[in-house]
Amino acid sequence: MSSIKTIKVSNVSLQATERDINEFFSFSGDIEYVEMQSDNERSQTAYVTFKDSQGAETAILLSGATIVNLSVSISLAPDYKLPPAAFAPPPPIQNQTPAGADSAMRKAEDVVTGMLAKGFILGKDAVNKAKSFDEKHRLTSTASSKVASFDKKIGFTEKVSAGTSAVSGKVREVDKKFQVSEKTKSAFSVAEQR
């Protein structure tokens, strides 16, 4: 596992903002810093630094994706040094992605398919790249299989409790019907006694 946390994104559209870059790569992992550098009249380069190297490795799988209107190429940036601005205290209004909690073990395939579902245009083989990336990391990702089986357990218990509440709901309905018929019965018997 390399410990490189920064990626270099080349051929970034001049129309792309830091926010576009942030949004695009937030699926791969928690982002620490984005630095944009203009290359020429046609494009710019973005350096995205993640909080962990898995974020950077997952982001590389997105090479060939379209950000705004240009297809970008993404590579690790081993020699990148964070600028002093990156170490300044972050502004108080920081929209942290709530997905941060589970970023430790995020399947690359889920990242890619999730992005496609949201309408991002990715490279042709992004899903396959992600699958083989996940397989390569399967040795280290026992945690994710534990999480998966845990999810199944939770899913199962939810289903069971949903089932019981549905049943008890039906029982209640039946009771109500019986109460009604009991009332009508007693009304009849009263009428008969008269």
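**Ground rules.** I number residues from 1 along each chain as its sequence is written, and side-chain values use heavy atoms, with hydrogens and water left out. Because the model is predicted, local features need pLDDT of at least 70 and side-chain atom pairs count only at pLDDT 80 or more, while totals for chains, interfaces and linings use all residues.

**Helix α2.** I took helices (H or I, at least four residues) and strands (E, at least two) as DSSP runs, numbered from the N terminus. Buried means under 20% relative accessible area, exposed over 50%, partly exposed in between (1.4 Å probe, protein chains only). How much of α2 is buried? Seven of its eight residues (the helix spans 53–60) are, so the rest of the structure largely encloses it. I listed Ser53, Gln54, Gly55, Ala56, Glu57, Thr58 and Ala59 as the buried ones. I then looked up what covers them, with contact meaning heavy atoms within 4.5 Å; the cover includes β1, α1, β3, β6, α3 and α4. At the N-terminal end, Asp52 caps α2, with a side-chain oxygen 3.3 Å from the backbone nitrogen of Gln54; a polar contact is a pair of N or O atoms within 3.5 Å, where within protein one must be able to donate a hydrogen and the other to accept it, and residues adjacent in sequence count only if both atoms are side-chain atoms.

**Core.** A nonpolar core is a set of buried Ala, Val, Leu, Ile, Met, Phe, Trp, Tyr and Cys residues joined through side-chain atoms within 4.5 Å. The largest one has 30 residues, and Ile7, Val9, Phe24, Phe25, Val48 and Leu122 touch the most other members. Its largest share, four residues, comes from α3.

**Phe rings.** I counted four aromatic pairs in the whole structure; rings of Phe, Tyr and Trp (its six-membered ring) pair if their centres lie within 6.5 Å, with planes under 30 degrees apart stacked, over 60 edge-to-face and the rest tilted. Phe24 and Phe120 have ring centres 5.5 Å apart and planes at 80°, so I logged them as edge-to-face. Phe24 is in α1 and Phe120 in the loop between α3 and α4, so the pair ties together parts 96 residues apart in sequence. Both are buried. Phe27 and Phe120 are also edge-to-face, with centres 5.3 Å apart and planes at 75°.

Asn11, in strand β1, has a positive phi of about 60° although it is not a glycine. Val68 likewise has a positive phi of about 60°, and is found in the loop between β4 and β5.
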